[in-house]
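Subject: Structure handover

Hello,

Please find the structure below. My notes on helix packing and aromatic rings follow it.

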Amino acid sequence: MAQTKGYRFGRSTKTRMAKDAIFHAGTSAFRDRRTKKRLARNLWALRINAAGRENGMSYSKLIGALKKAGSVLDRKVLATLAKDHPEVFARMVQNITR
């Protein structure tokens, strides 16, 4: 019952409803931990694509060129560079395209 503190209506006081509410909350939490990762990766791809297009490359060509160059930077780091340090990202794109 301590887990259902703050739940509305009978879910916080009635044992059967509380048990059901905890079960459903656990199911949602399990599913959404994976969804959060998926959404983060989509956001990284959007940021890389936007910064890449500003520098004359599409997302797919940029990722392909990075793999061909043997870069060890992952999408999370690339997205951070694109967002916080666009001049460094632009220099990196220029070095790859040479």
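Axes are lines fitted to C-alpha atoms over the stretch in contact, with angles from 0 to 180 degrees between N-to-C directions; helices are DSSP runs (H or I, at least four residues) numbered from the N terminus. Helix 3 makes the contact (heavy atoms within 4.5 Å) through Leu 78, Leu 81, Ala 82, Lys 83 and Asp 84, and helix 4 through Pro 86, Val 88, Phe 89 and Met 92.

The model is predicted: local features need pLDDT of at least 70 and side-chain atom pairs pLDDT 80 or more, while totals for chains, interfaces and linings use all residues. Residues are numbered from 1 along each chain as its sequence is written, and side-chain values use heavy atoms, without hydrogens and water.

Helix 1 (residues 15-54) and helix 3 (residues 75-84) cross at roughly 50°, their axes coming within 8 Å. This pair is also oblique. On helix 1 the contact involves Arg 41, Trp 44, Arg 47, Ile 48 and Ala 51; on helix 3, residues including Arg 75, Leu 78 and Ala 82.

As for rings, Arg 34 lies over the face of Phe 30, 4.2 Å from the ring centre (criterion: CZ of Arg or NZ of Lys within 6 Å of the centre and within 35 degrees of the ring normal).

Regards

Key:
Helix = DSSP H or I, 4+ residues; strand = E, 2+ residues; numbered from the N terminus. Parallel < 35°, antiparallel > 145°, perpendicular 65-115°, else oblique.
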